[in-house]
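Welcome! Here is a short tour of a protein model, meant for someone new to reading structures. Have a look at it first, and then we can walk through some details together.

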Number of protein chains: 2
Amino acid sequence: MHPDFQSWASEQLALVETCLEKHLPETNCAPARLHDAMRYSVLGGGKRVRPLLSFAAGELSGADKTHATIAGAAVELIHVYSLVHDDLPCMDNDTLRRGKPTCHVRYDEPTALLVGDSLQSLAFQLLTETNLTEDPHVQLEMVRHLAFAAGSRGMAGGQAIDLDSVGKTLSLPELEFMHIHKTGALIRAAVILGARCGNRLDETQFKLLDHFAKCMGLAFQVIDDILDTEATTAALGKTAGKDAENNKPTYVSILGIKQARELAHELRQEATGVLNQFGSEALRLQQVTDFIVQREF
Amino acid sequence: MHPDFQSWASEQLALVETCLEKHLPETNCAPARLHDAMRYSVLGGGKRVRPLLSFAAGELSGADKTHATIAGAAVELIHVYSLVHDDLPCMDNDTLRRGKPTCHVRYDEPTALLVGDSLQSLAFQLLTETNLTEDPHVQLEMVRHLAFAAGSRGMAGGQAIDLDSVGKTLSLPELEFMHIHKTGALIRAAVILGARCGNRLDETQFKLLDHFAKCMGLAFQVIDDILDTEATTAALGKTAGKDAENNKPTYVSILGIKQARELAHELRQEATGVLNQFGSEALRLQQVTDFIVQREF
């Protein structure tokens, strides 16, 4: 990782952490246990890949950093809610997340359900509490984008397809279709929402940026599948080897490790090709891309 | 029920049903089973009290009827998501809702979880797809209001307090605190969002309207508790006597039937007193109030 990127990333992560900390209800506010569980689930963990993408896209579009922070934090809240619900016994039934007991293990199942529900609401609250754009219509469009990306034709829909695919043999296009929804939709939202906070880009450039984000979303998932096979539970902070154990189709199970690595490389090349059209302004997005593809956890 | 109100209500309910039908994803759109379950949970059932309140408040504020329909439908989607999640085995574990098997019984538990999650997203999507107000900042404020009302300091928080109160003896203020969150927040959002679609009211009038909605929310809950004790499962379309069986504190268990009826009457009087300050323009809100307090299911 480039040292300059490392310090930039640390700075952005501190900003997003402060933003999340500030907007999560305090534990002295009723219902205290629910608020405690929300803070437990959100704070002090996670790679925060989505906020980093929002920041980097915001830099490209000339966004105010405070606004890009809020956009990234809202997307992260949706992401965390999905993890809390995915970990529930009726879903993946997982006990370890971000190196800690999952929410329903640490608290209880009804609390974890309400934590997820409340975090989703909080994301939309956060996204509308501050004027993030010069034109408020653009901000309404950001809310709509995030809602669509989170819903049944986005992330939650991808989760449904995922559940339905357990024990099945998927073709590569079917697997891709699933991941474009399950992981891709929110990665794209992170990039687009960050960029919408600024006003330096035209609609053609937004289309390019969305294509970049689509490649990134898939690359992220391919790498995730490789890590799930190769990394240890300790390094990941979540249960390793879970996909194989749950008989879930992955890029590794369909392509094998070698070809999966090649696919990740190709997707990175394609993403970089798009970024090159933006010139040096896209440096941060390129660095976040490299970070995502080269990460080891 | 006033015959004029009956025909007005039927007309509004047809509008909200068409709006919900149109905005719920089709079952031929992937993931088909999830979309089927979403439609099953939302369409063709429910009293639609919240949309009726949005319509009536919209009439008071001079709102475009299409816009009040959308506001009411968005609030109803949040309400339905909460029912689907509340019925889950880890929560109330109920099998009957709106006269039909609950979502997790008809489909399965993971699907019901994702149905609730997706309906919440859809509510915010619906609320931002159309220009509902002349000033887009007002629409952003509507989104923020709904998100807050749905979240941990509103409906979901009330649900957490409710879970925590099982088997406990609550004081009347504690019970009221719970219901102001659990039912009240969304009833208030229905009234305020409907009214925000128009521009005939000033902020003082919004405060009055919010006070009216707060009384209505509590009256609604008191009546619900009375019906849970007195009505049959067939009439309610949901399991009757559930609160007592689950050892949950209710207005009836704390006050007894007679005093609970008196409280409902008082709350109605207070609500009517507020409405009188608006004059004849508040006729519909008065009729919806009467409908809510006199309902038998």
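Glu141(B) and Arg144(B) sit three residues apart in helix α7 of chain B, so about one helical turn separates them; helices here are DSSP runs of H or I with at least four residues, strands are runs of E with at least two, and both are numbered from the N terminus. Please keep in mind that this is a predicted model, where local features need pLDDT of at least 70, side-chain atom pairs count only at pLDDT 80 or more, and totals for chains, interfaces and linings use all residues. Residues are numbered from 1 along each chain as its sequence is written, chains are lettered from A and ligands numbered from 1 in the order in which they are written, and side-chain values use heavy atoms, with hydrogens and water left out.

**Salt bridges**

- The side chains of Glu141(B) and Arg144(B) form a salt bridge at 3.1 Å, N to O; the term means a side-chain nitrogen of Lys or Arg within 4 Å of a carboxyl oxygen of Asp or Glu.
- Glu141(B) is partly exposed at 29% relative accessible area, and Arg144(B) is partly exposed at 22%; buried means under 20%, exposed over 50%, and partly exposed in between (1.4 Å probe, protein chains only).
- Lys248(B) and Asp162(B) also meet in a salt bridge (3.1 Å, N to O).
- This pair links distant parts of the chain, 86 residues apart: Lys248(B) is in the loop between α12 and α13 of chain B, and Asp162(B) is in helix α8 of chain B.
- Both Lys248(B) and Asp162(B) are buried.
- Arg261(B) and Glu230(B) make another salt bridge, at 2.6 Å, N to O.
- Because Arg261(B) lies in helix α14 and Glu230(B) in helix α10 of chain B, the pair ties together parts that are 31 residues apart in sequence.
- Over all chains, a search of the whole structure finds 40 salt bridges.

**Where the chains meet**

- Chain A and chain B each give 46 residues to the contact, which means heavy atoms within 4.5 Å.
- Across this interface the rule finds zero salt bridges.
- On the side of chain B that touches chain A, the elements giving two or more residues are α2, α4, α6, α7 and α8 of chain B.
- The largest share of that side, 13 residues, comes from α6(B).

- Setting aside neighbours within four places in sequence, Phe212(B) is in contact with residues including Leu53(B), Val191(B) and Leu285(B).
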